[in-house]
Amino acid sequence: MKVSFQYSAGNEHGSDDYNFSQAAEAQEKFMSLKDLITVQFQGCTDVEIIDEPDFFGIMDHSTGDWAKVIMA
């Protein structure tokens, strides 16, 4: 299984991919990154959140910053 993390904040952009042989390990990484994203956008008031079992993303409409994690 693969977990992908992508973000864009200001002039900074990035992505990381993590590969796992066990579904439980992938799920743990997915949840860890989901928590990280949630903390980073804490306090933002104009956000759109998509929360699905294999996709989590947040976009701050006031700044255009976003982050997402995908499990495939």
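Mentor: Two strands pair if DSSP finds at least two bridges between them; helices (H or I, at least four residues) and strands (E, at least two) are DSSP runs, numbered from the N terminus. This is a predicted model, in which local features need pLDDT of at least 70 and side-chain atom pairs count only at pLDDT 80 or more, while totals for chains, interfaces and linings use all residues. Residues are numbered from 1 along each chain as its sequence is written, and side-chain values use heavy atoms, with hydrogens and water left out.

Trainee: Which residue in the turn between β4 and β5 has a positive phi?

Mentor: β4 and β5 form a hairpin, with five residues between them. The phi in question is about 85 degrees, and the residue in the turn is Gly-64.

Trainee: Is Phe-5 buried or exposed?

Mentor: Phe-5 is placed in strand β1. Its contacts (heavy atoms within 4.5 Å), leaving aside neighbours within four places in sequence, include Leu-33, Ile-37 and Val-69. Buried means under 20% relative accessible area, exposed over 50%, and partly exposed in between, with a 1.4 Å probe and protein chains only. Because its relative accessibility is 11%, Phe-5 counts as buried.

Trainee: Which side chain does that of Ser-4 join in a polar contact of 2.7 Å?

Mentor: Ser-4 also lies in β1 and is buried, with a relative accessible area of 12%. A polar contact is a pair of N or O atoms within 3.5 Å; within protein, one must be able to donate a hydrogen and the other to accept it, and residues adjacent in sequence count only if both atoms are side-chain atoms. At 2.7 Å, the side chain joined to that of Ser-4 belongs to Asp-17.

Trainee: Along β5, which side chains point to one face and are buried?

Mentor: The side chains of β5 alternate.
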